[in-house]
Every structure is written in C-alpha cells, then in structure tokens.
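Trainee: Could you walk me through how to read a ligand site? I would like the general idea and then the case at hand.

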Amino acid sequence: MTVYFIGAGPGDPDLITVKGAKLVESCPVVLYTGSLVPKAVIERAHPDALVLNSAGMDLNEMTQVYVDAFEKGHDVARVQTGDLSIYSSLAEQTRRLKALGIDWKVVPGVSSFQAAAAALSQELTLPEECQTIILSRASGRTPVPEKENLKSLAAHEATLCLFLSATLIRKVVRELEDVYPSTWPVAVVEKASHPEQRIIRGTLADIAEKMHQAQIRSTAMIIVSKVFAIDDFADSKLYDPSFSHACRKATVIEGEPEAGSLQTDQEHHDERG
Ligand code: SAH
C-alpha cells in the first residue's frame, strides 16, 4: 500500500501529469484539497473509490484516512494544488507516515508560478540579465525566518515569485521600495490557468492600488522582476550559431579557432540534456 502525493497543477484540469491522472483513476481512496483542486481532476476517480475532501480536516484526521486505507491495503491518491515541493504541508504529512511505517511516493505537478509565467508568456530568466528565480512569500500570520526577509531577497535583483501574499501587497511594496525604484515592474496573475484568470501589470508604485481596485485577495501569484522591462537582452549561448556544444557543432566560427569552451559545452549538455 502506498500514499501517492500528486501535484494537481494550478487549476486547468489538463495540467495534471499523465502519471498523476492515472493514479487518480486507479486508487481506491482519493483525498483532495477541496478549495483548489479542480472538480474535473477528481471526477477521474473510479465510481467505487472513496473520495474525500481534506478542506475541513486537520492533520490528525488526514492521517486517520491514511491509516484506515493502510489497514485495508488500499492505495491513496492524495491530490494537492500545484507542485508538492512548495507550501504543500507534504513534510508534516510524510513525517506522520514515516512514524507509522506507511510508504509514500511524490508525483510532481505544474506549480502556479509556472502557470503564471505561461499566462504572462514570460521567460523568468534572461541571458546575462537575470539567471535566478526566488520563490518566497511575504511574512504575515505565518512567519518567515528573518534571514529570508524580502529586502535581503530583493538585493539579488533575481525574479521574485511571491506565493500567499496577495493580502500583504502593501507590506510587500513598502519593503521592496527600500531596495528598488518605484518604477520596478510587477505582474500579478490571479487564478492562473483557470477560465477566470486575470492579469494585472504595474510597478511598485501602483500595483497595490490596482490589486485593490480589482479586488484580488487570494489565489494570486505576484512576480516582481526586471525581466518584464528588458527587451534588449542578449541571445542565449544555447542557440548561438558560433557556439558548439555536445548536441551541435558551431556553424559560424568567430575569432578564435574553436568557439565555446569545452567546459561550457559540458555545462549545457548536463543542464539541458
Ligand atoms: N503548491 C502550490 C502552492 C500552494 S500555496 C504550487 O506549487 O503552486 C497557495 C498559493 O499558491 C496561493 O496563495 C497563490 O499564491 C498560489 N497559487 C495557487 N494556485 C494559483 C493559481 N492558479 N494562480 C495563481 N496563484 C496560485
């Protein structure tokens, strides 16, 4: 018996993985996060499956669902929003399972920050301009360790994706304005990949007011990044005609006899396959 923790994706029922969907279809017990997992994903469950909504359950009650299924030898599809590696309470659930000697596996999902980037049609890294993405949240009722405070994260000028922060937008802006000019770009995607998806673009100066006007308070991804304002970035090395790598020989040889270094070729091969 195994508990499968399955990332259901950001909302569009077609954005669950094939592997996740097959498990929802085959597991005799399906436990799903009611508020955010789309109905169409749950409707894949077998007609005889025990389908439970975890929305009203605490950790003890969820654990009891796993224990009951374990005693019957029934696999469980535990379906949660986005991907399980980010703000999913996976760690506390699997800690209980480990103590009980119950096996589990994790099936990845499309995270909402990826769906938001897709909605914006935006690469969040740009060659030589921005090569890092930070996934974080504003500190509110749930505290964030002081060493991860927004100002220190912002100092990197990396793309900043903020989960769970829509109601804290004014605080976010206040902290970021200590580091960035007020013209710094921000995009907000509410309900990315849902039919009712909304996009708001602005800057630190006006994003809080725009969100207030639009009444965006939850299920929103806030992306703060200079990439929204950069058009004249360099082409990447990967498709550069003068750059060889493991999968492709240079067709244009510039300057030195061999374009691209062996070490960099290897890096590209390793990272992008
Ligand atoms: N594990 C999830 C995140 C869960 S935390 C993931 O990988 O996406 C819940 C937060 O995720 C929300 O407050 C919101 O910031 C974000 N979120 C979830 N679904 C979203 C969606 N469809 N569009 C925009 N943001 C979303």
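Mentor: Gladly, and let us begin with polar contacts, meaning pairs of N or O atoms within 3.5 Å. Here an N or O atom in the side chain of Ser111 is 2.9 Å from an oxygen atom of the ligand. Ser112 also has a polar side-chain atom, 2.7 Å from a ligand oxygen. From Leu164, a polar backbone atom lies 3.0 Å from an oxygen atom of the ligand. Taken alone, the ligand exposes 550 Å², of which the protein buries 94% (Shrake-Rupley areas, 1.4 Å probe).

Trainee: What should I keep in mind about the model and its numbering?

Mentor: This is a predicted model, where local features need pLDDT of at least 70 and side-chain atom pairs pLDDT 80 or more, while totals for chains, interfaces and linings use all residues. Residues are numbered from 1 along each chain as its sequence is written, and side-chain values use heavy atoms, without hydrogens and water.

Trainee: How many residues surround the ligand?

Mentor: There are 17, and the closest are Pro10, Ile86, Ser112, Ala192 and Ala220 (a heavy atom within 4 Å counts). This shell divides into 9 nonpolar, 6 polar and 2 charged residues (Ala, Val, Leu, Ile, Met, Phe, Trp, Tyr, Cys and Pro are nonpolar; Asp, Glu, Lys and Arg charged; the others, Gly among them, polar).

Trainee: Why does the ligand lie between domain 1 and domain 2?

Mentor: Because domain 1 (2–110) and domain 2 (113–229) both give residues to its shell; the bounds come from an automatic or database assignment.

Trainee: And how do I read the space itself?

Mentor: Rolling a probe the size of a water molecule over the atoms shows where empty space is left. The largest pocket has a volume of about 1000 Å³ (space filled by probe spheres set on grid points joined across faces, edges and corners). A pocket is an open set of points on a 1 Å grid over the protein atoms alone, where a 1.4 Å probe fits, with protein on both sides within 12 Å along at least five of seven lines; lining residues have an atom within 4 Å of a point. The ligand sits in this largest pocket, with more than half of its atoms within 2 Å of the grid points.

Terms used:
Polar contact = N/O pair within 3.5 Å; in protein donor to acceptor, adjacent residues only side chain to side chain.
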